[in-house]
Amino acid sequence: MSSKIKTFGFALVSVMVFNAVSYGQIAFSGVRDVGAQEQVLDHTISLHRSWSELASDSSLRDEYEQTIGYWADAIYEMTNGGHRLGKVRIFPRSKYKGKTDVNWVANLHPSANPGSFMTSNGRINMSDMFSYRIPSNSTTNKRRDWEGAGYVLAHESGHYVYSLYDEYKGDTINNLIYWPQLTDEPVVPSIMNNQWNARGGNYEWLNFSTPDNIGITSETAQGRMHGVDAWTFLTSNRGKYDVLKSRAPSNSDIYNGYRMKIELPSTRARDSLKVIWMSDTIAIDMVLDRSGSMIGTPLRDLKIAAKAFVDIINKFSDTTGLIVTIGITTFSDSTENAYPLTVLNNSTASQIKNIIDNINVQNMTAMYDGVLASGNKLLSASSDVG
Ligand SMILES: [Zn+2]
């Protein structure tokens, strides 16, 4: 394999990235240090909707993006600026279900497994329809649904990322200590009690409990499980995030009579936010050198490698369910679109291997033009999904 194979580099990178997700539970998820006292959380979502449905409807994608924006606001508010939401990758068609941070279906009661972020043991369960609707059916106040859904995700982050428990009053007595009981006393204000109250700019309801408002600890699931309020827990040895240890509200942080710090509204909350739609389609264009320098063994080796690559990618597409489009651009003294981007399957794999076999050597080399032509080919293929 000569250095000519390097022109596959770009294509291989995107393939390997997808491959990592299918085998690693938490690829793309994690915590990034962005300063001594700040961290960014990257998350993944497995979404039940098809890519074709999302690709053709930017207003539908916008509904999710708006919701995630409010999730980011709440993460910033609840951690008093210590954490921000970063890259949120959304996989359509329920892909990687069970391996992402959020499993998002059409209809269920949202929930989360406490403390399971960065483990393979649990996730946030989210839905399109609960006390909000995505897409919203309100023509006058869509924001209310987006806020509701975004703040629900943040409440679930309270469980999933920060290992906290609920602080609302349950509707039953089942004596499960981690479950809200009918005899519990709700914490006011607290996101682990009622995130719905935060809608419309009541940001105090996006904050965690403090020693001032937790009340009698046996009267909340949080208190029964941890013995203390949320901020005392987060700043103790049991808190997982050192950057939050200096973020608890101080005695001088008072808002409406409560000890708390209010950060919102603030554009800072969404500074690191990037919603990335992981489409089902990967476009790969092979750029092959057929200039005079390739005569003999180099061209023969290149053909063997290129055909093996086609077979590997075809198999990869089969096992992952990803749609791969593949094309060939050749270059020598001029570039040639030898094979347009075409969906790869067993039949097109044979066609494309025939094209590779029939590549002949020409004299000059115009590698730059070849790569440029290939890039334009890929760009025009991707422009329809925005
Ligand atoms: Zn809860």
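## Overall picture

Among contacts in the protein with a separation of 6 or more, 66% join residues 24 or more positions apart. Here two residues are in contact if their C-beta atoms, placed from the backbone, lie within 7 Å. Keep in mind that this is a predicted model: local features need pLDDT of at least 70, side-chain atom pairs count only at pLDDT 80 or more, and totals for chains, interfaces and linings use all residues. Residues are numbered from 1 along each chain as its sequence is written.

The protein has nine helices and twelve strands. These are DSSP runs, numbered from the N terminus: helices are H or I with at least four residues, and strands are E with at least two. Of its 386 residues, 40% count as buried. A residue is buried if 20 or more other C-beta atoms lie within 10 Å of its own, exposed if 12 or fewer, and partly exposed in between, with C-beta atoms placed from the backbone.

## The nonpolar cores

In soluble globular proteins, nonpolar side chains tend to be buried together. A nonpolar core is a set of buried Ala, Val, Leu, Ile, Met, Phe, Trp, Tyr and Cys residues joined through C-beta atoms within 7 Å. Which residues touch the most other members of the largest core? Within its 55 residues, they are W71, A72, A74, I75, A154, I191 and L206. Several elements supply at least two residues each, including strand 2 (38-47), helix 3 (58-78), strand 4 (102-107), strand 6 (124-129) and helix 4 (142-160). Helix 3 gives the most, with nine residues.

Helix 3 has 21 residues and reaches 30 Å from its first C-alpha to its last, close to the 30 Å expected at 1.5 Å a residue. That expected span is 1.5 Å times one less than the number of residues. Just after helix 3, N80 takes a positive phi of about 50°.

Now find G150 in helix 4. Is G150 buried or exposed? G150 counts as buried because it has 25 C-beta neighbours inside 10 Å. Not counting residues up to four places away in sequence, G150 touches T67, I68, G69, Y70, W71 and A74. The C-alpha atoms of G150 and D73 are separated by 8.6 Å, although these residues are 77 apart along the chain.

## Strands side by side

Two strands pair if DSSP finds at least two bridges between them. Strand 4 and strand 6 pair in the parallel sense over five bridges, and W104 stands opposite M126 in strand 6. Strand 5 (residues 111-112) pairs with strand 6 in the antiparallel sense over two bridges, with S111 opposite N125.

Elsewhere, three strands form an open sheet in the order 10-11-12, with mixed pairing. Its edge strands, each pairing on one side only, are strand 10 (281-289) and strand 12 (335-343). Strand 10 and strand 11 (residues 323-331) pair in the parallel sense over nine bridges, and the bridge partner of L288 in strand 11 is T330. Helix 8 (residues 346-357) packs on the sheet and touches strand 11 and strand 12. The direction of helix 8 makes about 170° with that of strand 12; axes are lines fitted to C-alpha atoms, for helices over the stretch in contact, and angles run from 0 to 180 degrees between N-to-C directions.
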